[in-house]
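Student: I'd like a close look at one part of this model, with some context around it. Start with the overall picture, then take me to the aromatic rings.

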Amino acid sequence: MTVPDRMLRVDLSAERVRSEPVPEEWLARYVGGKGLGARYLYEMEPGVDPASPVNRLAFLVGPLTGYLPGEPRYAAVTKSPLTGTFLDSYGGGAFAARLAGSLDDHLGVVIEGAADEPVTLSIVSGEATIEPASDLRGLDAAETDARFSEAAVACVGPAGEAGVRYATIASDGGDHHAGRGGAGAVMGAKNLKAVVARDPPPKIPPALRELRERADEAFADSDAGRWLAAGDTLETVAFGDETGVLPTRGWQVRRFDGAEGLGVDRASERATGRERPDDPVPGGFRVSTGDKERSDDAPDAPDATDAPDATDAPDATVPRGGTPIALGAGLGIDDFDAVATLGGVCDRLGIDVISAGNTVAWAVRASDAGLIDPADHGVDRGLSFGDEAAARALIEEIAARSTPLGDALADGVAAAAERFGGTDLVPTVKGMELASYDPRGAATMALAFATGDRGGCHRRARPVETEAVVDPGWTPDERAAVVANEQDRRAALWCLVGDDFLAESFGPAAAAEWLAALGDERDPEDLRLLGERVWTLTRLFNLREGFGRGDDGLPEALTRGTDRAGETDEEPDDGLDPDAFEDLLDRYYAHRGWDREGRPTARLLDRLGLADLPDAATPVGSAAEVPDSGGGVD
């Protein structure tokens with residue numbers, strides 16, 4: 001079997017598609033997915049406007065996409081319109097699986113330029129065709145998906161067309177999203193309405209079948225596999241509430257008195273909505289077959305506004321963990337059906353539920369603080385926590401930029417706070433709203449948020465899952481190492497484009513064995529360095545874009561205390577200590593072999609094979625001044 005080694009290059013401005021080999025050196029160093037996308041993105045000149053035609057948008061798979069346990073994933077890589085940083089965002093399900101099959105011997109498609117009118121990019125048998133799509137303008141994710149009954153679709157909804165900076169790329173009718181950072185806004189700016197994958201998923205080759213069986217068993221027996229089997233990511237709600245890390249009512253408290261009604265038990269009572277693929281691995285984890293999950297004769301989905309009964313509406317699917325946290329606890333809404341409906345609205349409009357929930361929460365708090373008056377910004381109603389109707393209306397206005405307030409909030413919390421004040425209300429890092437966990441209940445998580453290469457992301461490292469349950473007794477140096485090593489593990493996995501929940505059970509040795517079965521012989525030690533190499537590359541990209549130590553800072557909102565128990569008589573706890581955080585950041589930089597300003601040293605770049613990158617940040621320091629940990633993935 002041939003390992004994919006080519007890339008489709010698309011110029012929408014010139015209406016040109018070509019296939020080219022990926023440079024051998026790039027394949028050796030970066031493998032695919034995140035790493036390869038970062039290298040193609042690094043080719044751009046610094047300072048590119050994310051909304052300009054010059055910005056690149058890549059849809060990428062890895063050499064093991066479609067074969068690994070868990071949910072198939074693809075990577076969307078671009079420069080983020082929300083943060084201005086490197087952005088990799090991941091979508092799962094049928095589109096990811098069928099994209100891998102449609103690309104044939106290619107690892108992805110890199111898109112430049114912008115079309116004059118809406119177009120789609122149709123991919124079949126390793127070839128891509130640009131096709132007119134003006135008739136799709138304004139359609140939501142479900143409506144767009146319904147136009148391609150024999151294919152799988154990744155598309156933008158109205159939010160992407162309107163340039164909302166946290167618009168998603170929706171696939172499978174809005175059931176999956178490349179969600180964070182605004183890749184959908186880049187796609188919308190290019191007038192690319194949809195990417196259509198027309199071939200079936202790749203079949204698992206005989207050489208991998210035994211490896212797949214073993215990996216399925218290992219995953220099912222891992223902590224992540226057991227956790228997902230117990231209730232998908234909805235278990236996060238109960239976990240956050242029980243451990244006091246659940247961001248509630250705009251990050252004012254860390255427990256939610258309505259959490260029980262938003263968790264997995266309530267979902268089990270209501271679950272007929274989220275469609276489940278047909279091929280579960282041991283333990284019940286989802287694996288998409290890549291087939292359409294509704295019949296061809298199913299009725300068209302009604303518009304969300306025509307569906308007052310949330311249990312019957314397509315908007316009322318069973319949400320995953322980020323939805324009940326951001327749109328439920330975060331907005332003080334304890335009605336499961338109302339939260340599911342809000343999540344469905346976001347899914348169809350193509351807007352990130354985490355950023356949307358945080359942005360609405362900021363607007364409520366800013367209104368309460370007198371920083372904004374909704375009436376002065378085209379909104380003729382009040383804003384308050386617990387008001388699902390007001391939240392829904394504001395999300396729809398954001399997605400369409402249809403009111404002055406909606407237009408302002410479409411640029412995210414950081415932009416709104418810079419304009420109106422209130423930077424201390426809802427935390428952001430590098431312009432990205434934080435997700436899922438309040439690090440005031442697990443301080444190492446603050447370091448994970450602060451050092452994320454795409455901003456305040458909880459998917460790069462989640463030490464909270466240990467720290468909030470038991471006191472692991474980590475020293476400051478160990479805290480820094482825990483975060484860096486987990487970031488590296490996940491970065492390596494995303495080069496293979498595997499489900500990130502596999503990070504615990506699928507390491508460099510397993511990756512080398514799988515690749516060898518496909519004829520791609522790699523040294524496990526080099527795969528151990530892969531994540532560190534790619535994390536360093538994205539750091540170089542961000543440094544070149546003007547980011548530095550100050551952008552790895554502790555959000556002001558997290559230095560203020562919260563009421564640990566929510567609405568109880570317990571005393572408020574303290575916020576995070578900025579001085580202790582700065583010390584922890586120093587240790588993190590030292591562990592990575594970066595100088596005190598967060599710049600990789602010459603020794604590190606040499607060790608990782610990055611010293612020859614054009615325009616790499618000027619390395620400073622020496623091995624004596626900046627300890628070099630040796631890095632790598634455990």
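Student: Among contacts between residues at least 6 apart in sequence, what percentage joins residues at least 24 apart? And what are the centre distance and plane angle for the rings of Phe 59 and Tyr 74?

Tutor: That share is 70%, with a contact meaning heavy atoms within 4.5 Å. Keep in mind that this is a predicted model: local features need pLDDT of at least 70, side-chain atom pairs count only at pLDDT 80 or more, and totals for chains, interfaces and linings use all residues. Residues are numbered from 1 along each chain as its sequence is written, and side-chain values use heavy atoms, with hydrogens and water left out.

For the overall picture, the protein has 23 helices and 14 strands (DSSP runs numbered from the N terminus: H or I of at least four residues for helices, E of at least two for strands). Of its 634 residues, 63% are buried, where buried is under 20% relative accessible area, exposed is over 50% and partly exposed is in between (1.4 Å probe, protein chains only).

Now the rings. Searching the whole structure turns up 11 aromatic pairs; rings of Phe, Tyr and Trp (its six-membered ring) pair when their centres lie within 6.5 Å, and planes under 30 degrees apart are stacked, over 60 edge-to-face, the rest tilted. For Phe 59 and Tyr 74, the ring centres are 5.8 Å apart and the planes sit at 15°, so that pair is stacked. The two come from distant parts of the chain, 15 residues apart: Phe 59 is in strand S3 (residues 57–60) and Tyr 74 in strand S4 (residues 73–79). Phe 59 counts as buried because its relative accessibility is 0%, and Tyr 74 is buried with 0% as well. Tyr 589 and Trp 594 make another pair: their ring centres are 5.8 Å apart but the planes are at 40°, so this one is tilted. Tyr 589 is buried, with a relative accessible area of 1%, and Trp 594, at 2%, also counts as buried.
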